[in-house]
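Please look through the structure below and follow it from its strands to its helical part.

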Amino acid sequence: MKKTASLLAFMLLAGMTFQPSDGYAKNSISDIDQQIQQLESKAASAKQEQKKAAANKQEAQHYKNKTNAYLKVVLEQINVVSDELASVSLQIENTEEDLRTTKKDLQAAEDRIVAREKLLESRVRLMYTDGAVSYLDVLLSSTSFTDFLTRADSLKTIVDQDQHLLDEHKKDKQLVVEKKADLDRQYAEAKSLYSQKKQRKSQLNDKEKEKQVLLASYDAKIEQSEELTAEQEAVLMQIAGKRSALLQEKNKLREQQAAAAAKARAQAAARAKAAAKAPTRVSSSGNSEVTYSSGSGIFARPVSGGRISSPFGPRIHPITGEVGKLHAGVDFAVPVGTSVHAASGGIVIMAEWYSGYGYTVIIDHGGGLWSLYGHLREGGFKVSKGDTVNKGDTIAESGNTGNSTGPHLHFEVRDNGTAVNPMNYL
């Protein structure tokens, strides 16, 4: 069982092994968060299994203790019945000894009965041979008063002897019958009691064997629960190690992204300073149309070609006519259905209808930098919320949804939630 449990633990740990990441291209912060979430889920499952194993062990231990206590009672009962069996066996032996003694007494009584019967038979035979002689004839035949008294005493002795013989004969016969019946009853009762005790002892022995089997099963459950607890403990230790490694990697990526974002902000500030010194051409229609170079920023252009129909900054709102309204992004005039690409790698945090922006995709690039792609074509999404994208991946098709006066792509860059000029990052 232990070898099987060890193999299971090894398979569980092997199933949680993750390939180490060596850069943002292989593992993004979102990837790491997903892996950590998976680890947390496995850890929660392992803890639940551990808790369940502990409960099973406690339950098995409870029933083992209860069975042990009951087994102790059964063993005590077995001892009592064994003592009772010994007592009944002794009782049977004593009864058998009494039966042997009584048998001798019966034999003596029967011998006395036979002897008396012979004496009575001889007396009867004599009386029959000599004829019937009355006690009065014997008395009247006396020759003197002294002879009369002698004859009277003799007759009385004969009568008393005969009466005694008859009484003793009657008693011996009754004694034989009663004694034999009583001993037969005692012997039968002792035999029956011995049989009952023997059956009771057999039942107790069966119970004792049954309890031993139960104890063995509870011991097996306790051992199994302990092994499962050890397995889950190993799993939790493995998870803790992997989680620590992923958190270190996540912190390293955050530091890299924060450094890249700081560098991008510095470059953006430099470009903004340079742009402030450069001349700007404004069309006669009032819409600012400036020719920009994409530069060497950290973001790529979201669409290929397409003129900038509305730059970042204050303007007259094309729909409401509000003056000085901040245009938080850059509009690229492109036909409906133009492929829209991710300006940089990151995690898609929105891919749905977003108020006046229409169908919109927002990507989190880390370090507080987001990019937004608005007025997309209905049904043109190529990504979903939670997807990881790389720089240049196609994420949608441009459209004309939401508050829009014509087909174009609205592109924004937000730094910690604040809209900044996207051109400083392109």
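How many bridges join strand β1 to strand β4, and in which sense do the two run? The model is a predicted one, and in it β1 (residues 307-310) and β4 (residues 330-333) are joined by three bridges and run antiparallel. Within this pairing, Ser310 has Asp331 of β4 opposite it.

Strand β4 also pairs with strand β11, which covers residues 409-415. That pairing is antiparallel and has three bridges. Here Val330 stands opposite Phe411 of β11.

The next stop is a helix. Helix α4 spans residues 145-277, and Phe145 is placed in this helix. Phe145 belongs to a nonpolar surface patch that also contains Phe148 and Leu149. Together the three residues present about 300 Å² of accessible area. Why is Phe145 classed as exposed? Its relative accessible area is 60%, and exposed means over 50%, so Phe145 falls in that class.

Glu208 lies in helix α4 as well. Is this residue buried or exposed? Glu208 is buried, yet it has no salt bridge. The nearest side chain of opposite charge is that of Lys209, 6.8 Å away. A salt bridge requires a side-chain nitrogen of Lys or Arg within 4 Å of a carboxyl oxygen of Asp or Glu. What does Glu208 touch, leaving aside residues up to four places away in sequence? Its contacts are Leu71, Val74, Leu75 and Ile78.

Methods. Residues are numbered from 1 along each chain as its sequence is written. This is a predicted model: local features need pLDDT of at least 70, side-chain atom pairs count only at pLDDT 80 or more; totals for chains, interfaces and linings use all residues. Side-chain values use heavy atoms; hydrogens and water are left out. Two strands pair if DSSP finds at least two bridges between them. Helices (H or I, at least four residues) and strands (E, at least two) are DSSP runs, numbered from the N terminus. Patches are made of residues with over 30% relative accessible area and no salt bridge: like charges are joined within 9 Å, nonpolar side chains (Val, Leu, Ile, Met, Phe, Trp, Tyr) within 5 Å. Accessible areas come from the Shrake-Rupley method with a 1.4 Å probe; for residues, only the protein chains shown count as cover. Buried means under 20% relative accessible area, exposed over 50%, partly exposed in between (1.4 Å probe, protein chains only). Lys and Arg count as positive and Asp and Glu as negative; His and the chain ends are not counted. Contact means heavy atoms within 4.5 Å.
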